[in-house]
Amino acid sequence: MNNVSAMSWWDLAVKKWGRVARFCSWFCLCFFLVVSCAPRPQTTTPPSGAANTPTGDGRITIGTTAKPKSLDPADAYELASLGLVFNMSDRLYTYTPGSTEIKLQLATALPKVSADGLTYTIPLRQGVVFHDGTPFNAEAMAFSIKRFIENKGKPSFLLADTVDSVKATGAYELTIKLKKPFAAFPSLLAFPGVCAVSPKAYELGAGKFKPETFVGTGPYKLGQYGSDSLRFDVFDKYWGEKPVNRGINLQIQTSPVNLFNAFRTGAVDVAYLSLQPDQIRSLEEGSKKGDWQAISAQGSVVSYMVLNRNQKPLDQPEVRAAIASVIDRPLLNQRVLFGQADPLYSMIPTTFDVSQPLFKDKYGDGNVEQAKQLLTKAGFSQQNPAKVQVWYPSSSPSRSLAAQTLKSLVDQKLAGLLQLEINTVEGPTFFKDISKGSYPIALLDWYPDFLDPDNYVQPFLSCQKGSEAKGCESGGSQTQGSFYYNATVNKLIDQQRQEQNPEARKQIFAQIQTQVANDLPYVPLWQNKDFVFAQKNVSDVQLNPTQILVYPSLKK
């Protein structure tokens, strides 16, 4: 899913503008490629020694500024909500912490897929019960998936666009039929909201949600729900490995400053989401002195620049190439991000082994001479400069600083050949107008629902209606504001979505990335890092690849 959130990528409480794009594109994840991807190094703290273990009740106190909007999995679509649902629930498939490798959870095997690619048959685990004592079976799982679709919550499109029917074909066998072949489907089932919920606690029907309730099968059950605190208690009848702690106390702080102070004073054991860059830098320095632990992991959020091919002078390939050449990612990382990100050279992040750094190879960083040559070739000069507006959603300090840094770089290095005008607008207006073609250049973020290269390709490049002359009139690229249209890329997107062979699919993604580097509808900028801070006596701090803190492993 896509996020052009009005906030910076550090402010993850407001997770996505992908709600806009959801009506135009599928945001998906291919299981078959994911299992072939090289996993990232597991993100965890070393076990703490006995001498560091204080007396106490064994519960972990987590501090955050991310306030959940709903605990109902059929309507949870912000990171604050999804993280809590994830830790109280089970899905058919999930991720190994610290990697993109998918593993079994309520399913006991990978799906059996029919020859036509439409029917998925999944065997289910036996001996599982819900938090209210209701037995789990195929009927309950079918109910949960139907409810996710039919209750029409914010994330319902993820399955509604894909699933034709779901039914129990045995006591512990689930059969799902798709509307059309889609190789990514098994990993789509790893989305936190596609979890098992008790048929006795919930009901089907559009808008029938329970935002302050959760009854699933996971390792924790909801003990208490409050506006500024939640309590998760260990579920003593959990079928799997039980948490090593005795429960979680979640404190919701009103600001990053309060969270920062609460952690520094020891009022919380773990701090995650959402500290500001200067606070992260300060806490990292403290960790080097041994005051506490700082845990970082490569994230899956990407920041990028949209180039609207329907706006002059960006309709000229040389101008787009000049902009791509002058971008200096190490400079942005140093001045804007305090080193808390990684330079990105493909719209597909390095989370996936299909990612190729083609922008580095083709354009480099701060390649001023190449930019000058391209602008001159396009007919621009000091007397006739290329003038381009750069827009971004307001309330984003890092986005603002990035825009100003880019403008300063251009002003200093390009001798008046290119002039950038920086503009900002309130988030709701920005999100409404970007698909109308209002912005020549836009600076945005993308927060994935799922970890698959398709999630960084199809929503950006697909176009259901358009032409080379007019660009995209309806589709993902129109929604994103680039208006990119390429018939070959459309075919490649369809091919990778149907391709079951990971290596063959990898080759298709290589072709797509090459085309993007040549056509330049987008310029990748950076890939975020995730930061968690824990007191010295806390061990086994883990993040899953979708930025969710894993609760059951936390111990002190």
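For the residue classes used on this tour, Ala, Val, Leu, Ile, Met, Phe, Trp, Tyr, Cys and Pro count as nonpolar, Asp, Glu, Lys and Arg as charged, and the others, Gly among them, as polar. The model is predicted, and local features need pLDDT of at least 70, side-chain atom pairs count only at pLDDT 80 or more, and totals for chains, interfaces and linings use all residues. Residues are numbered from 1 along each chain as its sequence is written, and side-chain values use heavy atoms, with hydrogens and water left out.

Select Lys103, Tyr238, Glu241, Val550 and Pro552, which are the closest to the pocket centre among its 25 lining residues. The lining divides into 11 nonpolar, 8 polar and 6 charged residues.

Next, select Leu92, Ile145, Ile176, Phe185, Met305, Leu461 and Tyr551, which touch the most other members of the 156-residue largest nonpolar core; such a core is a set of buried Ala, Val, Leu, Ile, Met, Phe, Trp, Tyr and Cys residues joined through side-chain atoms within 4.5 Å. Helix α4 (residues 138-150) supplies the largest share of this core, 8 residues, helices being DSSP runs of H or I with at least four residues and strands runs of E with at least two, numbered from the N terminus. Apart from this core lies another, of 12 residues, including Ala262 and Trp292.

Now move to serine 482, in the loop between α16 (476-480) and α17 (487-498). Serine 482 counts as buried because its relative accessibility is 0%, the cut-off for buried being under 20% relative accessible area, with exposed over 50% and partly exposed in between (1.4 Å probe, protein chains only). Its side chain makes a polar contact with that of tyrosine 522 at 2.9 Å; this term covers a pair of N or O atoms within 3.5 Å, where within protein one must be able to donate a hydrogen and the other to accept it, and residues adjacent in sequence count only if both atoms are side-chain atoms.

Finish at valine 268, which lies in the loop between α7 (256-264) and β11 (270-271). Valine 268 and isoleucine 60 are 208 residues apart in sequence, yet 8.1 Å apart C-alpha to C-alpha.

Definitions and conventions
1 Å grid on protein atoms, 1.4 Å probe; cavity = no way out; pocket = protein on both sides within 12 Å on 5 of 7 lines; lining within 4 Å.
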